[in-house]
Protein chains: 2
Amino acid sequence: MEINIAFDEALQLLLEKCSITSKEKVNLRDSLGRVLAEDIMAEEDIPKFKRSPLDGYAFRAQDTINANDRNPVTLEVIEEVPAGYVSKYKVTPGKAIKVMTGTAIPEGADAVVRYEKAKEEGHLVKIFSSFKSGQNIVPVGDDVVKSQIIAYKGQVLNAPLLGLFAALGITEVWVYRKPKIAVISTGNELQDISEIPEPGKIRNSNKYTLEAYIKELGGIPVILGTAKDRAEDVALLVAEGLERADMVITTGGVSVGDYDIVKDAVKSIGADIVFWRIDMKPGSPTLFSVKDGKVILGLSGNPASAMVVFQLLGASFIKKLGGRTDYLLTKIIVTLKDNYNKVSPKMRFIRGRLLIDNGLAWMVLTGNQSNNVLSSLIQCNLLAKIPAGSGVIKAGEKLEAYLLN
Amino acid sequence: MEINIAFDEALQLLLEKCSITSKEKVNLRDSLGRVLAEDIMAEEDIPKFKRSPLDGYAFRAQDTINANDRNPVTLEVIEEVPAGYVSKYKVTPGKAIKVMTGTAIPEGADAVVRYEKAKEEGHLVKIFSSFKSGQNIVPVGDDVVKSQIIAYKGQVLNAPLLGLFAALGITEVWVYRKPKIAVISTGNELQDISEIPEPGKIRNSNKYTLEAYIKELGGIPVILGTAKDRAEDVALLVAEGLERADMVITTGGVSVGDYDIVKDAVKSIGADIVFWRIDMKPGSPTLFSVKDGKVILGLSGNPASAMVVFQLLGASFIKKLGGRTDYLLTKIIVTLKDNYNKVSPKMRFIRGRLLIDNGLAWMVLTGNQSNNVLSSLIQCNLLAKIPAGSGVIKAGEKLEAYLLN
């Protein structure tokens, strides 16, 4: 067991212990937001045939070589082909075929003039400029080329990908099973949210915050209820969590006092403790243990401590568990918009929001930075790192920050 | 009917016609991602009582006035109070009470020393520095103050908000009904994605892309199938859509040729056409009409044209329909990372991705910018505006851009 380790080391140790969930096949329409478990190679070109990008007339570019405003070229319109049909005739010198947006380019034609730029007169059409071969023709494979890999294993499926899969006739895809995350609350002080708390007690809010974060990450929360502050109670729930889920998260009971019993609980069921305490604020009291390849992440009971560690460590773990390859948070440099008037003997993460103003990336602090304060996470999408030993940080100073989600 | 209007005017006209859906009450645990239909005022402080942020000893700060490393002060530990309980005794001069993270501060105490920084000896504890009144005590209302509005009508509910609601004992909230969006495809060229397309035909991909985008926006897609290129067929489906949904979106059939029949279809059912064509690329062929207060948005059949207009106009409309107050896209200034080697006689939106590099906001182009190309939307989260009449845009030039979602 390592104690009080550096944040980067904690993240690395956690991710090392992560194994990916199994695969399942889902219908294309049920695949939004899921994580692809296979590379998808295009089995055909998109588009598969040369098509017209507009309503107009298809002809041979060579026929318009000398055409201009005063000397239009006149072609005979031999056919009209709506989108979805193919021409019966070939385009030969002096001939044109009327086409619509999406119509396959008739054989022999190599240019299209826009409907509004030509002049139809009976079965004739006048063209007032010269065209290059290929002009206004969408080439085969303009969007996707046959044999191209259009989506990779580990990629999250979004709307344009679903559209491309549809265009390729892909009706089912292999995705990773959604990771199941068990959530256990510990603490004699916790009451149900429908109750009016007795003196000294509080409502259990961490359970709801974590449940929502897990859903946002595409996981399935398995809420296992609240253990009293006894190692045996916690151990029972952790064992249940290990059976029913891919990972267990606990809140509370990981500090240094006599009632910090998650450590004893996981020891009692034979889990290996990998580390205890991270050298950071908030969230120092974090416990990480492993049993039979499954991870138990013990978070602080303080809302912000718990959620900051969840975002910085837990979320990356859950993403990786669910097969995502983009599981690491994006690191950026931001300029602080406000003063942060506290010294930081320890490395500290502060909560804020990305603001792009005049082309620069700023961070606006989102409120009270105390360990127990959840409200400053509502608007937070950025956690900036203040190095250990820093004094007050002034507005205008640059910080390294992690972009959340 | 206005023709070929400016983009900003199109957006304004569309949003003017938007009415918000009705309200419904949902359980807190079902409210993630929903849009709040009421302001939420805190009916109590969080925390409700002064609490200890750490495991340690509570005492009177005044007792430590002269304490230092060589001259520690010794206090008598008269009680030990775990979190969730309240002290039986008061702290008086010379006394201390052992507390845990989350314990209510005992009466008489106004400071807490961290467990690791004190030295317990039998029923005594030694403190080695002087404390200020309030030190290591979480004040009442540190997170939320009673009567404070913690969430506003029109705000999307996220994980920290759900946690705060739980902490306040809020078990149900009023949210806006999810907007239902009917999707109609038009075009003789469209075939089902499970079929191998006949010559000149393509699979209907727009339906799947739109269905997914609508879900991502928190709407309920109502997929009404494909109409052939006949105004009567389209009219029937639009009428069905107006009955079953809050808004209708069509793709295809809005260009200038003889087969562009959505305009005729909506006229035939008595809808008012507000505008037709927007002075922009891609997506110029856009039709906007209204019938009995419900909006029909006619998009191009070209995938990228349709989806760019959907993102720039449709998405804002759907967000507003669903009650969101943050329905407008965020405008930012970005520096182009790549050359864009095409001149732009018309105002044009180009697809790219935000990259924050060394504190600056860059835009990386995401590929082929043609009207028919969907693949450059996969990674796209930024649409930058190139003003009408622009020449080639060089890497390093600044553009105004809309940040998607």
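**Strands, sheets and the contact between chains**

Analyst: In this predicted model, strand β20 (residues 330–336) of chain A pairs with strand β22 (residues 360–365) of chain A in the parallel sense, over two bridges. Within this pairing, A:L336 stands opposite A:M363 in β22(A).

User: And how does strand β21 of chain A run relative to β22(A), parallel or antiparallel?
Analyst: Strand β21 (residues 348–357) of chain A and β22(A) run antiparallel and are joined by six bridges. Here A:G352 stands opposite A:L365 in β22(A).

User: How many residues lie between β21(A) and β22(A) in the hairpin?
Analyst: There are two residues between these strands of the hairpin. In the turn, A:N358 has a positive phi of about 55 degrees.

User: How many residues are in contact between the chains?
Analyst: On chain A, 84 residues are in contact with 84 residues of chain B. Of the interface residues of chain A, 100% are also interface residues in chain B, so the copies meet through the same surface.

User: And how much area do chain A and chain B bury between them?
Analyst: The size of an interface is often given as the accessible area lost when the parts come together. For chain A and chain B this is about 7,100 Å², with 56% of it on carbon and sulfur atoms. In chain A, the residues that lose the most area to chain B are A:R29, A:I356 and A:I378, together 9% of what that side buries.

User: How many salt bridges are there between chain A and chain B?
Analyst: The count is four salt bridges between chain A and chain B. One salt bridge is formed by A:E44 with B:R203, with 3.2 Å between the closest N and O atoms. As for polar contacts, 25 residue pairs are counted between the two chains.

User: Which element gives the most to the side of chain A that touches chain B?
Analyst: Helix α2 (159–167) of chain A is among the elements that each supply at least two residues of that side. α2(A) gives the most, with eight residues. β20, β21 and β22 of chain A, discussed above, also supply at least two residues each.

User: How many salt bridges are found over all chains?
Analyst: A search of the whole structure finds 43. A:E172 forms a salt bridge with A:K25, the closest N and O atoms being 4.0 Å apart. A:E172 lies in strand β11 (residues 172–176) of chain A and A:K25 in strand β2 (residues 23–27) of chain A, so the pair ties together parts that are 147 residues apart in sequence.

User: Changing topic: what is the strand order in the seven-stranded open sheet of chain A?
Analyst: The order is β1-β17-β18-β19-β16-β12-β15 (chain A), and the pairing is mixed. At the edges are β1 (2–5) and β15 (220–227) of chain A, each of which pairs on one side only. Neighbouring strands are turned by 20 degrees against each other on average, direction ignored.

User: Where does β1(A) pair, and which helix lies across it?
Analyst: β1(A) pairs with strand β17 (residues 272–278) of chain A in the parallel sense over three bridges. The bridge partner of A:E2 in β17(A) is A:F275. Helix α1 (residues 7–16) of chain A lies across β1, β17, β18 (287–291) and β19 (294–299) of chain A, running at about 130 degrees to β1(A).

User: Finally, is the peptide bond between A:K281 and A:P282 cis or trans?
Analyst: That peptide bond is cis, with omega of about -10 degrees. A:P282 is placed in the loop between β17 and β18 of chain A. In chain B, the bond from B:K281 to B:P282 is likewise cis, with omega near -10 degrees.

Definitions and conventions:
Residues are numbered from 1 along each chain as its sequence is written. Chains are lettered from A and ligands numbered from 1 in the order in which they are written. This is a predicted model: local features need pLDDT of at least 70, side-chain atom pairs count only at pLDDT 80 or more; totals for chains, interfaces and linings use all residues. Side-chain values use heavy atoms; hydrogens and water are left out. Contact means heavy atoms within 4.5 Å. Two strands pair if DSSP finds at least two bridges between them. Helices (H or I, at least four residues) and strands (E, at least two) are DSSP runs, numbered from the N terminus. Buried area is the accessible area (1.4 Å probe) that two parts lose on being put together, summed over both. A salt bridge is a side-chain nitrogen of Lys or Arg within 4 Å of a carboxyl oxygen of Asp or Glu. A polar contact is a pair of N or O atoms within 3.5 Å; within protein, one must be able to donate a hydrogen and the other to accept it, and residues adjacent in sequence count only if both atoms are side-chain atoms. Axes are lines fitted to C-alpha atoms, for helices over the stretch in contact, and angles run from 0 to 180 degrees between N-to-C directions.
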